[in-house]
Amino acid sequence: MNAPSRPHIAVIGGSGFYHLFEDSSAPVTQIRPATPYGETSGPITIGEVAGNPVAFLPRHGENHRWPAHRINYRANLWALYSLGVRRIVAPCAVGSLDPSLGPGSIVVPDQLIDRTSGRPDTFYDQGAVHVSFADPYCTAGAEAVNQASQKLDTPTTQGGTMVVIQGPRFATRAESRFHASMGGSLVNMTAIPEASLARELAVCYTSVALVTDLDAGVDREQAVDQVSVFEVFQANLVRLRSLVATTAELLAKEDERGCACARALDGMNPPLDLPSAPAEREG
């Protein structure tokens with residue numbers, strides 16, 4: 001197989017982030033791998049970033065077909081893994097629970113709190129497979145975002161706790177204040193189970209969160225609305241896409257993964273057959 005069919009890095013695009021290779025002259029390929037969990041959110045596009053093969057998957061599908069609570073996260077992660085992906089950069093839109101993080105801020109969270117319910121959220125429905133999730137985001141990925149931000153002179157805030165709510169509705173003011181009291185700095189609808197499923201496959205996962213609004217409990221005069229969220233995201237999309245692409249470029253230069261994510265399944269015997277990537281089969 002040629003290089004573009006063996007990406008080790010993927011970008012999962014969030015609300016408004018539906019394309020990655022628009023400005024590239026290199027050829028791209030679209031595929032939709034079969035998975036035991038059904039269809040992915042949309043076709044996976046494989047192209048190049050600075051000469052390196054990268055896979056791109058729009059989390060919500062074409063034209064934002066899938067709301068957060070109906071995304072087939074297991075199919076998405078399984079399909080990317082089967083292609084050889086071992087590092088994921090995940091840009092997303094978030095609300096801020098911290099007045100100092102206003103719209104347009106870019107945050108690289110290092111913790112999360114799960115407030116979702118009823119979502120299929122594991123590959124391991126049998127046996128004893130308890131992966132470590134104390135530190136849910138990849139430290140090496142966060143450092144790559146930090147380096148990319150310095151290279152591009154695009155300020156980012158390193159660290160923060162993402163509170164993941166079920167959706168599709170936004171939070172009430174009381175819920176928002178509660179989330180802030182829990183130590184949350186951001187609120188989002190998609191980080192779970194995306195991040196935890198990545199860990200179950202020993203895949204590195206790094207979130208790049210773009211603040212689109214102050215959440216209802218922070219902004220006492222206004223309430224969050226979908227139109228404003230999308231407008232702010234689009235206004236900042238160019239610099240977010242550049243930051244994500246540069247992060248992917250920096251990660252591609254690392255020959256081996258030295259982070260804890262890569263060792264998440266060490267000593268375990270997962271009760272399912274993990275897909276073998278083409279790159280692994282070829283040696």
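## The largest pocket

Four elements, β5, β10 (186–188), β11 and α5 (226–235), each supply at least two residues of the lining of the largest pocket. Of these contributions, the largest share comes from β5, with 4 residues. The structure described here is a predicted model.

The space in the largest pocket amounts to about 490 Å³. Its lining is made up of 25 residues, and those nearest the centre of the pocket are S15, P168, F170, M189 and V229. When the lining of the largest pocket is divided by class, it has 14 nonpolar, 8 polar and 3 charged residues.

A search of the whole structure for cavities of 30 Å³ or more finds 1. The largest cavity holds about 30 Å³ of space. The residues that line this cavity are R87, I88, C138, G141, C204, T206 and L251.

Two strands, β5 (87–96) and β11 (204–214), each provide at least two residues of this lining. Both β5 and β11 also each supply at least two residues to the lining of the largest pocket. By class, 4 of the residues lining the largest cavity are nonpolar, 2 are polar and 1 is charged.

## The packing of helices α1 and α4

Two packed helices are described by the angle between their axes and by the distance between those axes. Helix α1, residues 73–83, packs with helix α4, residues 191–200, at an angle of about 35 degrees, and their axes lie 9 Å apart. The crossing in which α1 passes α4 is right-handed.

On the side of α1, the contact is made by Y73, R74 and L77, while α4 contributes I192, P193, E194, L197 and A198. Taken by class, the residues of this contact comprise 6 nonpolar and 2 charged residues, with no polar ones.

## Salt bridges

The count of salt bridges in the model comes to 5. One of the pairs consists of R59 and E194, whose side chains meet in a salt bridge with a distance of 2.8 Å from N to O. This pair links distant parts of the chain, since the two residues are 135 residues apart. R59 lies in the loop between β4 (52–58) and α1, whereas E194 lies in helix α4.

Key: Residues are numbered from 1 along each chain as its sequence is written. This is a predicted model: local features need pLDDT of at least 70, side-chain atom pairs count only at pLDDT 80 or more; totals for chains, interfaces and linings use all residues. Side-chain values use heavy atoms; hydrogens and water are left out. On a 1 Å grid over the protein atoms alone, a cavity is a set of points where a 1.4 Å probe fits but cannot get out, and a pocket is an open set with protein on both sides within 12 Å along at least five of seven lines; lining residues have an atom within 4 Å of a point. Grid points are joined across faces, edges and corners, and a volume is the space filled by probe spheres set on the points. Ala, Val, Leu, Ile, Met, Phe, Trp, Tyr, Cys and Pro count as nonpolar, Asp, Glu, Lys and Arg as charged, and the others, Gly among them, as polar. Axes are lines fitted to C-alpha atoms, for helices over the stretch in contact, and angles run from 0 to 180 degrees between N-to-C directions. A crossing is left-handed if the near helix is turned anticlockwise from the far one by less than a right angle, and right-handed if clockwise. Contact means heavy atoms within 4.5 Å. A salt bridge is a side-chain nitrogen of Lys or Arg within 4 Å of a carboxyl oxygen of Asp or Glu.
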